[in-house]
Structure formats: C-alpha cells, structure tokens
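This report goes through selected local features of one structure, from a helix to charged pairs and loops. The sequence and the coordinates come first.

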Amino acid sequence: MDDDVDALAAEYVIGALDRGERRAVETRMLREPVMASAVAAWADRLSPLDADAGELAPPDRVWSAIAARIGGDVGVGQVIHLERSLKRWRVATGMVGIAAALLAVIVAREALVPPSPPPGASYVAVLGGEGGAPAFVASVDTGAGTIRLRRVGTAPPPDKSFELWKVPESGPTVSLGVADSERELKPLDVSLKPGERLAISVEPKGGSPTGQATGPVVYIGTLLPAE
C-alpha cells in the first residue's frame, strides 16, 4: 500500500483532517478500493483505543476560557447547555466516524468480489481458421439467455456435423450444440463472459457421441463485449 494513502487514512480515522480534506477522503473511498481498505484497517486498529479511552471531564478553567471567548459569565444554565451541545457533538462525531468506517469496510469487501457480467450483456466472437477468414459469427445475449450463430463460411461435409464448444481456461470443453444450419439460435445453458473462447469442431453426423470434441477443431474465436 502507498505510504501516503496509509498516512491519509490514519489522519482521517483519528480526526486530524479539516472538513474539506475529510470530504476528499470520503470521495476517494467510494472510488478507490485501496483507500477504503486503508481506512477500514485503521478504524479496526484504533477501535480498542477508542473503547478504552472513556470520557474525560474538562477542568473548570475550560469553561472560563469558553466564557471569555464568547463574552460574559457562564451561568449554570449556560454550562448545562454547553454540556448538552458537547455531548450531541460527541455523539454526532462518533456516528460519522462509525458510518465512515462501515462504508470503508463495505467498499473494501465489495472490491474483493470479482464483478459478474451485467444483466443483459452482449458479447460477440468471430470464429476463423488458420487462414484468418471468418467462418462463424457468434452473438451472445446473457439477458435473453441465447447464443445466435451465423455461418459465413462453407458448410460441413455431407456425412459430418459442425459442433460449437465453449473452451474454458482449464477443464474439459462444453458442447453448445450442433451447428449445421446457416443460422442457429440456441438457448444458453452455460455462463459465458468476455475473454472466453468458442470453437467449432468437425464431428460425426449429429454431433459428438462422447460429449467431448472427437474431431479436429477447425475454427476458434474469442468473446468480446459487443460495441
């Protein structure tokens, strides 16, 4: 963590910043997970000291100094009023500090959760072979739960079928169905996201008998967010 961020978070938690500086830190907490994490860490680190500190009654000279600053004597009623105001200020300050610390913890935790594809996201992949010419265009609509496949290259041999596959980074491929027609609209039964690859293999007529690609993979493409 950057030393400046850590120091600024500490100053925020102990209340050493002025109003403008505190607002600036709170804005950064909403936008920068590092700042939110730093504030949450300092709040946790200093919370035992805050709990053990308790209240300290100010000496009488403090009230005399307050009276001198505002002018006039401090009567019993004024003292009670000031004490109540001071308590309200302490409560308000404490609540603000607690809310800020909770916000920092929430933002920090959310920053650790990998983002999921937004509802209704659309992705596209152009599948091509070694020569680079496109053979299929796949359009994914996660909101509708469909994948639309359009063949722009040659048809499969009469005794063979094309089959579409999801190719994960690890693990076995997942069949998305036979792709013999020029246009296909298929239900999307698996999750897909940008960066994942789709592939077309040549299989026996009707598709792979094993659930895995048995023939050569002739076309492949990567899913990208639709512009």
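## Helix 1

On the face of helix 1 turned away from its buried side sit the exposed residues Asp-3, Asp-4 and Ile-14. The model is a predicted one. The buried residues of this helix are Val-5, Ala-9, Ala-10 and Tyr-12. Viewed down the axis of helix 1, these buried residues fall within an arc of 160°, so they line one face of the helix.

Helix 1 covers residues 3-14, which makes 12 residues. From first to last C-alpha it reaches 17 Å, close to the 16 Å expected at 1.5 Å a residue. Gly-15 follows the helix, and its phi is positive, near 80°.

## Salt bridges

With a cut-off of 4 Å between a side-chain nitrogen of Lys or Arg and a carboxyl oxygen of Asp or Glu, the count comes to three salt bridges. One of them joins the side chains of Glu-196 and Lys-166, at 3.7 Å from N to O. Glu-196 belongs to the loop between strand 6 (183-187) and strand 7 (197-204), and Lys-166 to strand 4 (residues 160-167), so this pair ties together parts that are 30 residues apart in sequence. Buried means under 20% relative accessible area. Glu-196 therefore counts as buried at 13% relative accessibility, and Lys-166 counts as buried at 11%.

Glu-196 also forms a salt bridge with Lys-193, where the closest N and O atoms are 3.1 Å apart. Lys-193 is partly exposed, its relative accessible area being 43%. Through salt bridges that share partners, Lys-166, Lys-193 and Glu-196 are joined into one network.

Another salt bridge links the side chains of Lys-186 and Glu-184, at 3.5 Å from N to O.

Strand 6 pairs with strand 3 (residues 146-151) in the antiparallel sense, over five bridges. In this pairing, Arg-183 in strand 6 has Arg-150 standing opposite.

## Ser-208

Ser-208 is placed in the loop between strand 7 and strand 8 (217-222). Is this residue buried or exposed? Ser-208 is buried, with a relative accessible area of 15%.

A polar atom of the Ser-208 side chain lies 3.2 Å from the backbone nitrogen of Thr-210. Apart from residues up to four places away in sequence, Ser-208 touches Glu-163, Trp-165, Glu-203 and Thr-214. Of these, Glu-163 and Trp-165 fall within the residue range of strand 4 (residues 160-167), and Glu-203 within that of strand 7 (197-204).

## Gly-195

Gly-195 lies in the loop between strand 6 and strand 7, the loop that also holds Glu-196 of the salt-bridge network. Which residues does Gly-195 contact, leaving aside neighbours within four places in sequence? The contacts are Thr-222 and Leu-223.

Gly-195 and Pro-225 are 30 residues apart along the chain. Their C-alpha atoms are separated by 8.9 Å.

Methods
Residues are numbered from 1 along each chain as its sequence is written. This is a predicted model: local features need pLDDT of at least 70, side-chain atom pairs count only at pLDDT 80 or more; totals for chains, interfaces and linings use all residues. Side-chain values use heavy atoms; hydrogens and water are left out. Helices (H or I, at least four residues) and strands (E, at least two) are DSSP runs, numbered from the N terminus. The expected span of a helix is 1.5 Å times one less than its number of residues. Buried means under 20% relative accessible area, exposed over 50%, partly exposed in between (1.4 Å probe, protein chains only). The arc is that of the directions from the helix axis to the C-beta atoms. Two strands pair if DSSP finds at least two bridges between them. A polar contact is a pair of N or O atoms within 3.5 Å; within protein, one must be able to donate a hydrogen and the other to accept it, and residues adjacent in sequence count only if both atoms are side-chain atoms. Contact means heavy atoms within 4.5 Å.
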